[in-house]
There are 2 protein chains.
Amino acid sequence: MSPGNRPKVVICRDMGPDVMPLLMERTDLDVVLWPENRTCDRAWLMENLPGAVGVLGMFPSQVNSEIIEKAGPSLKVVSTMSVGYEHIDLPVLAKAGVRLGYTPDVLTDAVADLSVMLALMAGRNVGETLEVVKNSQWPKFTWSPFSFCGPQLSATERSPTRTVGFLGFGRIAQATLARLVPFGITHCLYTGNPSSQADPTLDQSLAEKFKLKGVRRVDNDTLARESDILFILAPGGPKTYHVVNEEFLKKMKKTSVLVNTSRGTLVDSNALAKALKEGWLWGAGLDVVEGEPNVTADHPLVKEPRCIVLPHIGSATLDTRVGMATLAVKNLLAGIAGETMGAELDLSRA
Amino acid sequence: MSPGNRPKVVICRDMGPDVMPLLMERTDLDVVLWPENRTCDRAWLMENLPGAVGVLGMFPSQVNSEIIEKAGPSLKVVSTMSVGYEHIDLPVLAKAGVRLGYTPDVLTDAVADLSVMLALMAGRNVGETLEVVKNSQWPKFTWSPFSFCGPQLSATERSPTRTVGFLGFGRIAQATLARLVPFGITHCLYTGNPSSQADPTLDQSLAEKFKLKGVRRVDNDTLARESDILFILAPGGPKTYHVVNEEFLKKMKKTSVLVNTSRGTLVDSNALAKALKEGWLWGAGLDVVEGEPNVTADHPLVKEPRCIVLPHIGSATLDTRVGMATLAVKNLLAGIAGETMGAELDLSRA
């Protein structure tokens, strides 16, 4: 059979030996694979799209009308190996009748792990203490009873309560909360979708589920004021743009830590740098920064000693990335076959 | 009353405004306090010891016969603000009838927090990823599906079991284990005191307590071979010297991480550096290193990108250090009064 007679799928990235056989064994498909170990060129993508039924990838830029039109009416499915879809023009896909597969859930545990790690690192002054060792200052360091001491994540006899706050309370937030319970967390605050109402019965059942003294849906002000550890775990986009700004940060406890493992746009970087410099809060742990990856050593947050900045590695574990890639391939194949996908975004209201 | 008539206590370090009033309000005592914000000079200590009933501190060097003899027969108690007592000559104290107060337990949670943090940091390649950001390499970084990917602490659908191992299974180990349970840990291995026997009934009750599929006391070989995450949490001293050596490290899983938050002497630094370089295990997180604080940037472990080295901050949180200092003062005062101490080391077999 000539390639022309087989349905064409365009794969923007090799996904490794654990995953690629799922595609390569499908001899009924014409699999067009970007051969290099980097994100595919847009020119290569445009050249190969015409006539494709499916396209899978980490995309080099916006998946917009230009791309959808280039593929033409044959296109049935776009499959993205990501939980976010800010890079995809949903109304364009909806109008063209193209289905969208994505990879939520499978990265929940990896991001929850990283969230707990960043909360610990921000409280324990790991930015400064790692430098002490790397800069050969350990031998000369004058020990004192309170050197490097910051707030303790675990509750203690002297301070037996801990309140954890979540801006956004989806799967990753709840997986993070579950991990924190044995550290002695006693109370949980969270913000809900403004279109819904607070539900004290739900909060009571959550408190029982997580064995906490209290769980409460609150407004952003209360969240900022009362949290000892505050996790930003809400979607990006215009509705949450800079929700953590100067006004928000000024309300936080001086001993609190802020963790952002969702999207950089939720936090005003300059405001956070100022807040850390002036001690409005204790420390911060960020896996995401607005404008990433264009974040360099002179970025105000990278320069702050009490700020940990990681290069967006929330889902970066072998297990999770293989899981994401596998789901993305299966979404693609299901979409082509007109079957139910493992994870499909509902575009009916896009 | 002249100072000479009041019992003298020598305090080697100011312990801050939360703690010092406990001493300073005791006008019945002659409190002699080292005035500087560093460990006291030995010369100052020797000058002030004669006639003291108690001495409290972080000590400038070995508490040995020279110190005990210098204080003279008036000395009733030595109080150390530490959980370890390797710096104190126990037989000398026992022979002189001097009691020893120390500060165990109160730092359990702080060290357990740090142990979990280091396990996460070692698995998630935080040494390398922090450098990517600090060295301005993030913008130029070629993303690939498996960049920075290491083992995931949390269990996943693809790999649903996780075995955590403890070399030493005291309070800190068990507090660490409790924190790891909601990460999806399924099995726990530990080494016990050679003078006692394995006890399957105890192991069964531990499995039920921690809600694990299995808890098993094992020998060092099995511990090295089967642990996904291995914590070193045993006392220092000659009996445990270099127990983690080349032979031990060669048996470890290539995807495993090693965490040491107890004493540096348990790990052969050169062997661990070689093991990391050659990939015998995935990564390591160390709060202690043999020969500390004389550990500089050219130390083989500080140079290893997969090794996180922190400058012994296990107990360094405000809550815990205030708790330790408070206990140390109370031990001192109880010892002087001939009362039961909050935490006294039994010297009867020293």
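Modeller: In this predicted model, strand E1 (residues 8-11) of chain B pairs with E2(B) in the parallel sense, over four bridges. One residue pair to look up is Ile11(B), whose bridge partner in E2(B) is Leu33(B). Both strands belong to an open sheet of five strands in chain B, with the order E2-E1-E3-E4-E5 and parallel pairing. The edges are formed by strand E2 (30-33) and strand E5 (99-101) of chain B, each of which pairs on one side only. On average, neighbouring strands of this sheet are turned by 15° against each other, direction ignored.

Helix H13 (residues 318-337) of chain B lies across E1, strand E3 (52-57), strand E4 (77-80) and E5 of chain B. Relative to E4(B), helix H13 of chain B runs at about 170°.

As for the meeting of the chains, a residue of chain B to start from is Asp319(B), whose side chain forms a salt bridge with that of Arg162(A) (3.1 Å, N to O). The count between chain A and chain B is six salt bridges, and 30 residue pairs are in polar contact. On chain A, the elements that give two or more residues to the side touching chain B are helices H5 (108-123), H6 (126-134), H7 (171-180) and H13 (318-337), together with strand E12 (307-309). That side of chain A divides into 39 nonpolar, 21 polar and 16 charged residues. Overall, 76 residues of chain A are in contact with 76 residues of chain B. The area buried between chain A and chain B is about 6500 Å², with carbon and sulfur atoms giving 65% of it.

Conventions
Residues numbered from 1 in each chain as written. Chains lettered and ligands numbered in written order. Predicted model: local features only at pLDDT ≥ 70, side-chain atom pairs only at ≥ 80, totals over all residues. Heavy atoms only, no water. Contact = heavy atoms within 4.5 Å. Buried area = accessible area lost by both parts, 1.4 Å probe. Salt bridge = Lys/Arg side-chain N within 4 Å of Asp/Glu carboxyl O. Polar contact = N/O pair within 3.5 Å; in protein donor to acceptor, adjacent residues only side chain to side chain. Nonpolar A, V, L, I, M, F, W, Y, C, P; charged D, E, K, R; others polar. Pairing = 2+ DSSP bridges. Axes fitted to C-alpha atoms, helices over the stretch in contact; angles between N-to-C directions.
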